[in-house]
Amino acid sequence: MPHGYARREDERLLTGRGRFVADIEAPGCLEAAFVRSAVAHGELREVTCAPALEAPGVLGAWSAADLPGLPSPGLPASGPPDEPVLLTTLTSAEAVAGREWPSLVTERVRYAGEAVAVVVGEDRYRAEDGAARVGVRVDPLPAMVTAAAALRGPALFDGLSNVALEGSAGAPIDEAVWRRAAVVVEACYRQQLLLPTPMECRAFLAVPRGQELTVWCSHQMPHRLRRELSGILGWPAGRIRVVAPDCGGAFGSKSATFPEYVVVAYLAAMLGRPVRWIEDRLESQLVATRGRGQDQRVRLAADADGRLLAYELTIDADVGAYPHLGAGLPMQTAKMATGPYTTPLVHATVRSVLTNTMMTYPYRGAGRPEAATALERTMEELARRLGMDPAELRRRNLIPPGRFPYDTPTGRRYDSGDYAAALALALRTLDYDRWRAERDRRRADPDAPPLGIGLSCYVERSGGEPGGLHEFGGVEACPDGTVVARCGSASTGQSHETTFSALVADTLGLDPALVRLIEGDTGEVADGMGSFASRTAQIGGAALRRAAETLVEQARLRAATLWELPVDQVLWSAGTLRPARGVAPTLGLGELVRATGPLRVDERCTSGMAFPFGTHAAVVEVDVDLGAVRVLRLVAVDDCGVALNPAAVHGQALGSAVQGIGQALYEGVPYDDDGAPLLPNGLLDYLLPTFAEVPPIEIASTSTPSPVTPLGAKGAGESGCIGTPAAVVNAVADALRVADPGLLRMPLTPDVVWRAARAPKAGDDR
Amino acid sequence: MKLPAFDYLAPSTVPEAVDALADPGRRAEVLAGGQSLLLDMRLGRAGPGLLVDVNGVGGLDQVRVRDGALEVGALARHRVFESPAAAPGPLGRLLALTVVHIAHPPIRARGTVVGSLAWAHPASEWCAVALALDAAIELRGAAGARTVAAGDYFHGAHATARVPGELITAVRLPLLGPATGVAFVEHRRTEFCFAQVAVAAALTVRDGVIAEARIGLANCADRPLRAHAAERSLAGAEAGPPVAGRRPPPEHPFARAGRIAAERDARPVPEPYADPEYRRHVIAVLVGRALCQASADLAAHTGHDRPGGDRP
């Protein structure tokens with residue numbers, strides 16, 4: 001981290017001057033509280049709202065039956081036909097048909113916490129008092145919270161399969177390949193459901209004024225929210241303005257148009273008053289989106305020298321109650337199943353299975369952690385079977401730098417990489433040989449707590465999928481000499497104000513203090529995709545760079561006209577125009593605008609898909625008597641191509657590594673027999689790594705520019721969620737020498753580790 | 001979850017507080033540190049009609065030695081005991097070893113020892129210590145004052161001998177003699193959460209023989225426990241030298257006491273990530289560790305303690 005580094009947004013955020021949805025003043029605003037089903041699966045028989053109206057300060061209470069005109073959220077991201085549809089190649093209309101997610105339950109409850117009624121009051125206290133008085137009767141049905149249960153259980157939607165979507169990547173592998181291979185590792189893994197847990201939960205405020213509706217929402221994609229609200233409410237988009245103010249984190253959980261948003265917007269319009277919904281932590285733990293959720297089976301074949309021959313990944317994903325973006329997401333895992341290796345045969349299959357939980361959705365990493373973790377856990381086991389150093393096994397199989405662009409058997413074209421360089425840097429940074437000596441010393445000492453080293457080499461994808469790889473960027477020169485940059489992205493904590501202002505200032509040769517960024521407001525920014533898939537620097541940054549460059553060209557043209565010179569006689573440097581010859585005065589941007597009128601350039605920029613990569617390495621110590629794992633050291637080497645702002649990348653790497661540790665060791669949602677999440681004490685039960693659990697983490701990087709993105713940048717920020725979990729679990733496996741890799745099921749809570757430590761050991765050492 | 005509506009009174013004397021608590025129709029609760037009660041109210045697990053805020057009651061924050069015991073007033077905050085000098089001799093050390101496991105510094109600055117006893121969470125560290133030490137809980141109600149021994153006080157999870165309308169004015173923790181070694185060990189998933197198991201131990205040794213062993217268990221049943229069977233197994237055993245290595249050998253009295261605590265004293269309740277089999281195992285390990293540490297504590301402090309305490 002550069003010394004003395006500060007982000008432009010920090011002073012505002014750290015001194016309590018951030019402005020979040022809950023802070024927006026809207027005179028006469030009502031607050032909404034939702035009445036939620038305690039039952040995970042059942043027939044809704046009766047909702048009695050009338051008693052709520054007797055609570056002081058309650059202005060209304062409605063079930064679905066009371067609001068016959070209430071629309072449903074509908075298909076994710078269904079845009080006008082001329083507008084590229086975002087990520088929807090991953091899901092399909094067929095998956096959703098007949099299984100629409102209602103705004104309020106009409107007939108059947110399909111997950112614990114599904115909203116059955118809404119109450120609005122003068123404030124949240126009164127709304128909750130009213131909600132507590134609403135009577136709900138549900139006749140329970142058996143709840144199915146795992147894919148296995150749902151595959152053999154009754155249909156969640158009458159007459160339709162519980163399998164919402166099936167897909168595959170790569171070609172099926174001939175059985176003879178497995179028979180002939182020197183070594184075949186088979187294992188089963190669970191990618192547990194995770195709660196994204198931003199500090200600020202979901203927040204939505206709808207303010208109607210005449211024929212217009214202004215929506216304030218903690219959201220990653222304001223233009224998509226406007227488009228979807230427009231479609232759902234049947235209002236022209238021009239009558240809806242969506243503003244995403246300061247945001248307390250998203251991690252992927254804030255890009256959908258949720259039922260609660262539809263209800264609140266609908267009520268605001270119906271009542272002609274502002275209505276706000278601020279989700280609290282308990283509500284969020286019950287009904288905010290979940291991440292991951294896959295049961296995986298793998299087969300990995302290698303020859304006696306450790307050369308990979310074939311890899312097969314079979315995924316049953318539990319995607320929750322209604323097919324949404326999460327139903328298509330496991331295809332991301334399938335497409336990334338090849339990982340960073342030259343494995344010639346790779347086949348991945350997916351079944352997305354509907355279950356009685358809240359839906360899965362992209363969560364930081366979004367499909368890639370599941371791919372990387374399955375493969376890297378299996379590589380660890382393969383190295384043990386072969387008696388080979390896990391680093392050497394990987395080295396033999398990494399795709400070499402000379403083979404890019406590399407077409408994988410699962411249909412990805414990797415843009416660029418030097419995977420072996422990242423591995424080498426990770427080993428050097430960790431001091432791999434010293435830790436291996438320490439591990440071996442402890443193996444010889446029965447009184448020493450065992451120590452293990454785990455590696456994880458990953459490659460991921462950034463930018464999004466074809467059709468969604470574009471972004472809006474605009475630059476405007478103001479008469480006072482300042483510059484306004486507009487971007488279709490929406491920061492949920494990624495330092496856009498600092499990074500983008502600096503990028504535009506650098507392109508124009510100006511002081512960054514003269515550049516002001518506007519984003520996250522459909523009233524101020526003409527168009528936009530938003531911030532997801534690690535795409536903002538890669539694509540939004542490119543759009544801003546191009547807009548700034550075009551602005552320079554236009555400024556030179558105007559000066560040429562003004563000075564009656566050919567344009568090649570007008571020079572630009574450090575934000576100033578001057579003639580190539582002569583002593584004519586120089587002209588600043590502000591002066592040019594004052595002399596010639598408004599100067600504004602809007603650009604839409606498209607980028608290719610990029611493939612960031614890296615190697616993570618962890619050292620752990622295990623208290624085998626208790627099963628407690630202590631991470632002694634974590635090294636994360638990431639390559640995101642050209643880093644626009646290395647300090648921001650560093651911060652993102654650190655934060656995501658901590659979230660990766662969370663998946664490996666702490667986070668999980670237990671369910672009771674009736675399908676309700678067992679988190680009665682909120683964050684005292686769903687444990688996040690806190691400061692005390694964060695080990696010494698060393699972040700290092702290599703830089704391999706992307707040839708397919710305008711700035712050479714690849715996405716950053718999801719690396720830790722992708723690379724870290726397998727490094728930590730592999731380290732525990734190394735410490736315990738467990739024969740069955742499936743025993744180390746995440747999260748590696750002490751009871752899991754204790755049982756694994758007592759299980760049969762792997763026979764051979766290395 | 002927002003707090004439900006409630007009435008609020010802030011008395012300034014104990015009699016006023018007891019008066020305020022007296023009306024059974026008002027479902028009154030005492031508000032001291034509020035670190036558990038307010039959370040329970042938000043979670044809908046407590047819905048008092050009246051909160052009696054005792055923070056302004058004079059004298060309740062006293063911590064003093066009287067009649068061979070440390071008297072901890074109802075407003076003494078957890079963090080007071082972060083210093084081993086807050087109580088004389090081994091007791092001060094035990095309380096200091098215990099308190100660092102309670103939540104984190106902001107909560108320790110506000111929450112109270114007596115509040116933990118009133119809440120009576122099965123995983124409460126102070127409750128395990130109170131049981132191990134034969135603490136006395138001093139209650140004041142409309143009918144007058146009474147004292148309940150810790151051994152008679154805990155009836156279940158959040159269930160105690162305290163009846164509605166009673167205020168706990170103090171807890172009395174007997175001082176520990178100079179030939180006593182103490183330990184508190186805890187196992188939890190992160191520094192933030194409740195203990196999966198915690199053990200308080202005090203070993204008194206005379207002439208190389210364990211004269212008395214006191215073991216309190218947190219989260220080993222539906223309520224805090226005292227490990228009577230394990231304690232009995234230790235009485236009269238040779239104290240021996242401090243145990244070398246990570247764990248006592250299986251035949252060592254400390255290891256045996258651990259197994260007895262796990263099998264005979266504990267009644268573990270299943271929880272996510274801690275089924276009874278795992279929890280019994282952890283109890284055995286932690287009791288063994290606590291006894292080893294108490295023994296080491298004694299060795300480290302032998303010759304340094306003076307009767308009456310080592311308070312400067």
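Student: Let's start in chain A: in which loop is A:C478 found?

Tutor: This is a predicted model, so we are reading a computed picture here. In chain A, one strand, β19, covers 470-477 and another, β20, covers 483-487. A:C478 is found in the loop between β19 and β20.

Student: Is A:C478 buried, exposed or partly exposed?

Tutor: Count the other C-beta atoms within 10 Å of its own: there are 17. A buried residue needs 20 or more, and an exposed one has 12 or fewer. Because 17 lies in between, A:C478 is partly exposed.

Student: Which residues is A:C478 in contact with, leaving aside its neighbours within four places in sequence?

Tutor: Being in contact here takes C-beta atoms within 7 Å. A:L599 is 121 residues away from A:C478 in sequence, and their C-alpha atoms are 7.5 Å apart in space. The contacts of A:C478 are A:V483, A:V484, A:G590 and A:V593.

Student: Which residues touch the most other members of the largest nonpolar core?

Tutor: That core has 346 residues. Helix α10 of chain B, residues 276-301, gives the most to this core, with 12 residues. The residues touching the most other members are A:V119, A:V732, B:A261 and B:V287.

Student: At what angle do α9(B) and α10(B) pack?

Tutor: Helix α9 of chain B spans residues 253-265, and its axis lies 7 Å from that of α10(B). α9(B) passes α10(B) in a right-handed crossing. The contact between these helices has 11 nonpolar, 2 polar and 3 charged residues. Their packing angle is about 140°.

Student: Which residues in α10(B) meet α9(B)?

Tutor: On the α9(B) side, the residues include B:F254, B:A257 and B:A261. Facing them in α10(B) are B:R280, B:I283, B:A284, B:V285, B:V287, B:G288, B:L291 and B:C292.

Student: Over which residues of chain B is the pLDDT below 50?

Tutor: Chain B averages a pLDDT of 94, and 97% of the residues score at least 70. One stretch falls below 50, and beyond near neighbours in sequence it has 14 contacts in the model. That stretch is residues 304-312.

Key
Residues are numbered from 1 along each chain as its sequence is written. Chains are lettered from A and ligands numbered from 1 in the order in which they are written. This is a predicted model: local features need pLDDT of at least 70, side-chain atom pairs count only at pLDDT 80 or more; totals for chains, interfaces and linings use all residues. A nonpolar core is a set of buried Ala, Val, Leu, Ile, Met, Phe, Trp, Tyr and Cys residues joined through C-beta atoms within 7 Å. Helices (H or I, at least four residues) and strands (E, at least two) are DSSP runs, numbered from the N terminus. pLDDT is the predictor's confidence in each residue, from 0 to 100. Two residues are in contact if their C-beta atoms, placed from the backbone, lie within 7 Å. Axes are lines fitted to C-alpha atoms, for helices over the stretch in contact, and angles run from 0 to 180 degrees between N-to-C directions. A crossing is left-handed if the near helix is turned anticlockwise from the far one by less than a right angle, and right-handed if clockwise. Ala, Val, Leu, Ile, Met, Phe, Trp, Tyr, Cys and Pro count as nonpolar, Asp, Glu, Lys and Arg as charged, and the others, Gly among them, as polar.
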